[in-house]
Every structure is written in structure tokens, then in C-alpha cells.
Amino acid sequence: MWIAGLVGLLMVGLMPAVGHAQMAGFGHVFQAAATGTGNGTAANVRGYSLVALQITTSGGPPTFTIAFEGSVDTATYVTLMCGAPDLSNWHAASSTATGVWRCNVAGLSSFRARISTFAGAGSVTVTGVILALFPAVLG
């Protein structure tokens with residue numbers, strides 16, 4: 001009987017950790033007040049699993065297309081499908097509006113938010129957070 005009570009006590013103590021994840025990451029600026037097309041600054045995402053982006057504008061506003069791209073060899077970039085956090089648009093290769101996007105980068109070495117088209121006055125900025133998700137460690 002006392003063993004069942006001990007196991008129950010241990011399980012209650014462990015329950016909050018079950019299903020939770022720990023996050024580690026860093027911020028990055030992909031495009032800083034850009035006023036034309038360009039690759040911007042790619043982020044090293046090796047060992048990370050998610051990029052969360054925020055696209056903002058100032059002035060104008062300009063019309064633009066931000067292409068989501070990833071690379072394994074850091075030289076050849078291919079289109080990535082990203083999604084809006086509210087799941088209103090999960091399979092998007094690019095964005096033409098301000099907002100927040102999430103991109104799966106697991107297994108990639110590099111990620112960039114390239115401005116493929118740009119017109120008008122003003123500028124566009126793309127900032128992000130690169131995250132690694134780890135399962136909770138019991139200890």
C-alpha cells in the first residue's frame with residue numbers, strides 16, 4: 001500500500017513537466033529598413049527548428065514581396081512554406097503584407113527572408129526569433 005502512495009506522490013510531482021517544452025533561441029534582423037529588393041541577412045539555423053518572423057513597414061507604405069527561403073549548404077536557397085500563427089494561411093511561400101509568420105527550419109543550415117519585389121516609398125523591416133524546442137528534462 002505504501003508503494004502505491006509513493007508512486008502516486010511521485011506522479012503528482014512529475015505531472016507539470018509532462019508535455020512541456022523548453023525553448024532556447026536568439027533574435028535576428030533579416031531586413032533592416034530596406035528600400036529595394038535584396039537577399040538581406042541570412043540566419044544560421046543549424047540545430048534550430050522554428051523561425052518566427054515579423055514584417056513591418058514605415059513611410060509609404062511600400063508594396064513588396066518577402067520570399068521565405070532555406071538552405072542546407074548555405075549557398076543554394078529554395079522556397080519554404082510558412083504559416084500565419086492563426087492558421088489562416090499555412091502554406092505560403094511569401095508575404096505581401098505586414099504580419100507574423102512561422103517557418104519550420106528543422107534540418108536546415110540557413111534561413112533568409114528575401115525581398116523579391118519592391119515598389120513605392122517607405123521601407124520594410126523583417127525581424128525574427130530563431131527557436132529550438134527541447135522536451136522537458138526531468139530531474
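Student: Hi! How many helices and strands does the protein chain have?

Tutor: Hello! In this predicted model, the protein chain has one helix and ten strands. Read along the sequence, the pattern is α-β-β-β-β-β-β-β-β-β-β.

Student: Okay, and what share of the residues count as buried?

Tutor: Of the 139 residues in the protein chain, 32% count as buried. As for the surface, the chain exposes about 7,900 Å², and carbon and sulfur atoms supply 63% of that.

Student: What about contacts along the chain? How much comes from residues 24 or more positions apart?

Tutor: Those pairs account for 76% of the contacts with a separation of 6 or more.

Student: Let's go inside. How many residues are in the largest nonpolar core?

Tutor: The largest nonpolar core has 25 residues. The ones with the most contacts inside it are Phe-30, Val-51, Leu-53, Ile-66, Phe-68 and Phe-111. In soluble globular proteins, nonpolar side chains tend to be buried together.

Student: Which strands supply at least two residues of this core?

Tutor: Strands E1 (21-34), E3 (50-58), E4, E8 (99-104), E9 and E10 (123-135) each do. E9 gives the most, with four residues.

Student: Can we zoom in on Phe-30? What does it touch?

Tutor: Leaving out residues up to four places away in sequence, Phe-30 touches a list of residues that includes Val-51, Leu-53 and Phe-111. Other neighbours of Phe-30 include Gly-40, Arg-112 and Ile-130.

Student: New topic: charges. How many salt bridges are there in the whole structure?

Tutor: A search finds two. Side chains of opposite charge can pair when their charged atoms come close.

Student: Which side chain meets Arg-112 in a salt bridge?

Tutor: That's Glu-69, at 2.6 Å from N to O. Glu-69 lies in strand E4 (residues 63-71) and Arg-112 in strand E9 (residues 110-119), so this pair ties together parts that are 43 residues apart in sequence.

Student: And which residue does Arg-114 form a salt bridge with?

Tutor: Glu-69 again, with the closest N and O atoms 2.8 Å apart. Arg-114 is in E9 and Glu-69 in E4, so here the parts tied together are 45 residues apart in sequence. Glu-69, Arg-112 and Arg-114 are linked in a network of salt bridges.

Student: Is Glu-69 buried or exposed? And why?

Tutor: Glu-69 counts as buried because its relative accessibility is 6%, and the cut-off for buried is under 20%. Arg-112 also counts as buried, at 14%. Arg-114 is partly exposed, with a relative accessible area of 24%.

Student: Last one! Where is Ser-95, and is it buried or exposed?

Tutor: Ser-95 is in strand E7 (residues 94-95), and at 5% relative accessibility Ser-95 counts as buried. The side chain of Ser-95 reaches the backbone oxygen of Ala-97 at 2.9 Å. Beyond residues up to four places away in sequence, Ser-95 touches Ile-55, Phe-64, Thr-65, Ile-66, Phe-68 and Trp-101.

Definitions and conventions
Residues are numbered from 1 along each chain as its sequence is written. This is a predicted model: local features need pLDDT of at least 70, side-chain atom pairs count only at pLDDT 80 or more; totals for chains, interfaces and linings use all residues. Side-chain values use heavy atoms; hydrogens and water are left out. Buried means under 20% relative accessible area, exposed over 50%, partly exposed in between (1.4 Å probe, protein chains only). A polar contact is a pair of N or O atoms within 3.5 Å; within protein, one must be able to donate a hydrogen and the other to accept it, and residues adjacent in sequence count only if both atoms are side-chain atoms. Contact means heavy atoms within 4.5 Å. A salt bridge is a side-chain nitrogen of Lys or Arg within 4 Å of a carboxyl oxygen of Asp or Glu. A nonpolar core is a set of buried Ala, Val, Leu, Ile, Met, Phe, Trp, Tyr and Cys residues joined through side-chain atoms within 4.5 Å. Accessible areas come from the Shrake-Rupley method with a 1.4 Å probe; for residues, only the protein chains shown count as cover.
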